[in-house]
Amino acid sequence: MGKLRLIFTKEGRAVYISHLDLLRTFQRVFLRQGLVLRHSQGFHPHPLLSFALPLSVGQASECEVLDFEVNEDMDGGSLPEALNRFMPEGVRVSACYVPVRPVRELAALRCRVELFYDGGVPAEAAEHIRSLLLGERVVIQKRTKRKFMADIDIRPMLHSLEIVEEPCLLRLETVTAAQNPGLNPALLAAAVETHLPQLAPDFVRIRRLEVLDGEGNAFR
């Protein structure tokens with residue numbers, strides 16, 4: 001038996017595939033490839049595979065992590081090409097290998113948040129948004145696991161921020177905490193809408209670029 005880790009991209013129309021449907025997609029692709037997954041024990045056995053950090057619907061990513069277990073020892077090097085033959089449009093496996101680090105050591109995400117303005121970027125918007133997000137506290141309301149709204153300060157979970165202004169958009173290059181707790185980059189746009197409503201964007205696009213360990217290096 002062996003454990004393998006996939007790194008895959010999710011983009012284009014595939015960003016609207018839900019987490020549960022994506023799980024089913026990989027199960028079907030593994031089956032079509034003839035890959036025998038190890039299953040849990042008990043009355044309702046299920047394949048042993050898990051996404052490290054499930055991606056929100058509507059967001060794109062170049063660095064999704066999927067761990068799974070197979071009933072034979074293999075290095076996985078040939079799997080990306082084999083699996084991609086059966087993948088839906090927008091989902092592509094870029095690497096497969098035997099993991100050397102547990103998922104709990106995945107500490108941060110490098111992300112891009114693009115704020116689009118149909119009428120052009122408002123004057124001094126970048127400066128105001130930078131001051132807000134890098135301030136002492138950035139409190140917004142977020143729905144908790146118990147389904148009620150609570151105030152949360154997202155500032156400690158924002159590790160770095162750079163803002164680049166382009167025609168009709170502001171591009172936020174960020175590093176955010178990944179877990180325990182993690183920061184969904186969409187909350188950065190929500191903070192702008194809450195505290196700077198006059199600078200609320202007309203559209204937001206989010207893309208994960210890289211997963212990092214506690215030292216800021218690429219997580220493997």
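How do the residues of the lining of the largest pocket divide into nonpolar, polar and charged? I found nine nonpolar, three polar and four charged. For this count, Ala, Val, Leu, Ile, Met, Phe, Trp, Tyr, Cys and Pro are nonpolar, Asp, Glu, Lys and Arg are charged, and the others, Gly among them, are polar.

**Ground rules.** I am working with a predicted model, where local features need pLDDT of at least 70, side-chain atom pairs count only at pLDDT 80 or more, and totals for chains, interfaces and linings use all residues. Residues are numbered from 1 along each chain as its sequence is written, and side-chain values use heavy atoms, with hydrogens and water left out.

**The pocket.** I noted a volume of about 330 Å³ for the largest pocket. Its lining has 16 residues, and Gly58, Ala60, Val204, Arg205 and Ile206 lie nearest the centre. Strand 5, helix 4 and strand 10 (203-212) each give two or more residues to the lining. Strand 10 gives the most, with five. A pocket here is an open set of points on a 1 Å grid over the protein atoms alone, where a 1.4 Å probe fits, with protein on both sides within 12 Å along at least five of seven lines; lining residues have an atom within 4 Å of a point. The volume is the space filled by probe spheres set on the points, which are joined across faces, edges and corners. Helices (H or I, at least four residues) and strands (E, at least two) are DSSP runs, numbered from the N terminus.

**Helix 3.** Next I checked which residues of helix 3 (residues 125-133) are buried, and got Ala125, Ala126, Ile129, Leu132 and Leu133. They sit on the same side of the helix, because they cover an arc of only 130° around the axis, taken from the directions from the helix axis to the C-beta atoms. Buried means under 20% relative accessible area, exposed over 50%, and partly exposed in between (1.4 Å probe, protein chains only). These buried residues pack against strand 5 (108-116), strand 8 (158-166), strand 9 (169-177) and helix 4 (186-195). Contact means heavy atoms within 4.5 Å.

**The cores.** The largest nonpolar core has 28 residues, and Leu115, Ile129, Leu133, Ile154, Leu170 and Leu172 touch the most other members. Strand 5, helix 3, strand 8, strand 9 and helix 4 each supply at least two of its residues. A second, separate core of 22 residues includes Ala14, Phe26, Phe68 and Cys96. Such a core is a set of buried Ala, Val, Leu, Ile, Met, Phe, Trp, Tyr and Cys residues joined through side-chain atoms within 4.5 Å. I also followed Ile129: leaving out residues up to four places away in sequence, Ile129 touches partners including Leu115, Ile163 and Leu170.

Most residues other than glycine have a negative phi, and most peptide bonds are trans. I flagged the bond from Asn180 to Pro181, which is cis with omega near -10°. Asn180 has a positive phi of about 60°, lies in the loop between strand 9 and helix 4, and is exposed at 72% relative accessible area. Glu124 also has a positive phi, near 60°; this residue lies in the loop between strand 5 and helix 3 and is exposed at 53%.
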